[in-house]
Amino acid sequence: MLWTFLGFFLVGSAVAQVPFLGGCPKAETQPNFDPSKYLGKWYEAERYFAIFEFGGKCVTATYSLNDNGTVSVFNRQISSLSGVESSIEGLAFQKSPDKAKLSVSFPSLPVQFDAPYWVLDTDYTSYGVVWSCVDFSIFSTRNAWILTRERNPPVSVLEKAYKVLDKNGISRAFLVRTDQKNCHDDSANPESNQVS
Ligand SMILES: *[C@@H]1O[C@H](CO)[C@@H](O)[C@H](O)[C@H]1NC(C)=O
């Protein structure tokens, strides 16, 4: 348990969580979640603030399906301090009969653990609300993400996501906006294998 707890603080932006007193609130996941529609690229619009996390900007998450039914996770960000781009690969898999309750692990990290990745709600085409809470009974560590298909979504899209958090009694007070300004356009990125 100690290792898991430390892990959340050591690994920085990949899976950093905010500690709260008390257990996890009851949260409802998306009924009939369809992972295949959720694949592809998402932009991180907002996420919980984590104490030891130095902000990354231009954060994206790309999900792709593997032959064995697991989902590959590819997260990219640009350090707000150094401007250096970094990425991390993870693996998402189902741990529960509820298809919307996924777990994500990052094999390259020094500390191994599975972080919960619950899709609370998504319309697949504009927003996704992801909740990650680990219950240590007297306290819990929590993280929430609002992912959007557009890098700069209209407010109406964010409002749909806020409603999901409110409905589940999840505080919005810890949400911070992810800086998605002055990001490389993917087609203008020389490392991209896409033909522009
Ligand atoms: C499933 O496939 C992925 C990608 O090839 C691999 O990283 C992972 O270890 C595999 N998982 C299992 C349980 O076979």
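Tutor: Let us start with a definition: a residue is buried at under 20% relative accessible area, exposed at over 50%, and partly exposed in between, with a 1.4 Å probe and protein chains only. The model is predicted, so local features need pLDDT of at least 70 and side-chain atom pairs pLDDT 80 or more, while totals for chains, interfaces and linings use all residues. Residues are numbered from 1 along each chain as its sequence is written, and side-chain values use heavy atoms, without hydrogens or water.

Student: Is Ser137 buried or exposed?

Tutor: Ser137 is found in the loop between S8 and S9. Its relative accessibility is 57%. Exposed means over 50%, so by this value Ser137 counts as exposed.

Student: How many helices and strands does the protein chain have?

Tutor: Helices (H or I, at least four residues) and strands (E, at least two) are DSSP runs, numbered from the N terminus. From that end, the order of elements is α-β-α-β-β-β-β-β-β-β-β-α-β. The chain therefore has, by this DSSP rule, three helices and ten strands.

Student: What share of the residues of the protein chain count as buried?

Tutor: The share is taken over the 196 residues of the protein chain. Those that count as buried make up 48%.

Student: How many residues of strand S8 are buried?

Tutor: Strand S8 covers residues 127-135 and is mostly covered. Of its nine residues, the number buried is eight.

Student: Over how many bridges do S8 and strand S9 pair?

Tutor: Two strands pair if DSSP finds at least two bridges between them. S8 pairs in the antiparallel sense with S7 (residues 115-122) over four bridges. S8 also pairs in the antiparallel sense with S9 (residues 139-148), and here the number of bridges is nine.

Student: Which residue in S9 is the bridge partner of Val130?

Tutor: Val130 belongs to S8, where it is the bridge partner of Val119. In S9, the bridge partner of Val130 is Trp145.

Student: What is the relative accessible area of Asn32?

Tutor: Asn32 lies in the loop between strand S1 (18-21) and helix H2 (35-38). Its phi is positive, near 50°. Asn32 is exposed, because its relative accessible area is 76%.

Student: Why do the rings of Tyr63 and Tyr117 count as edge-to-face?

Tutor: Rings of Phe, Tyr and Trp (its six-membered ring) pair if their centres lie within 6.5 Å; planes under 30 degrees apart are stacked, over 60 edge-to-face and the rest tilted. By this rule there are eleven aromatic pairs. The ring centres of Tyr63 and Tyr117 are 5.9 Å apart, and the pair is edge-to-face because the angle of the planes is 75°.

Student: How many residues apart are Tyr63 and Tyr117?

Tutor: Tyr63 lies in strand S3 (residues 56-65) and Tyr117 in strand S7, so that the pair links distant parts of the chain, 54 residues apart. Tyr63 is buried at 8%, and Tyr117 is buried at 10%. The separation asked for is 54 residues.

Student: What is the angle between the planes of Phe136 and Phe139?

Tutor: Phe136 is buried, with a relative accessible area of 11%, and Phe139 is buried at 16%. Their rings form a stacked pair, 4.8 Å centre to centre, and the angle between the planes is 10°.

Student: Over the ring of which residue does the charged end of Arg142 sit?

Tutor: A charge sits over a ring if NZ of Lys or CZ of Arg is within 6 Å of the ring centre and within 35 degrees of the ring normal. Lys101 lies over the face of Trp118, at 4.3 Å from the ring centre. The charged end of Arg142 is 4.3 Å from the centre of the ring of Phe20.
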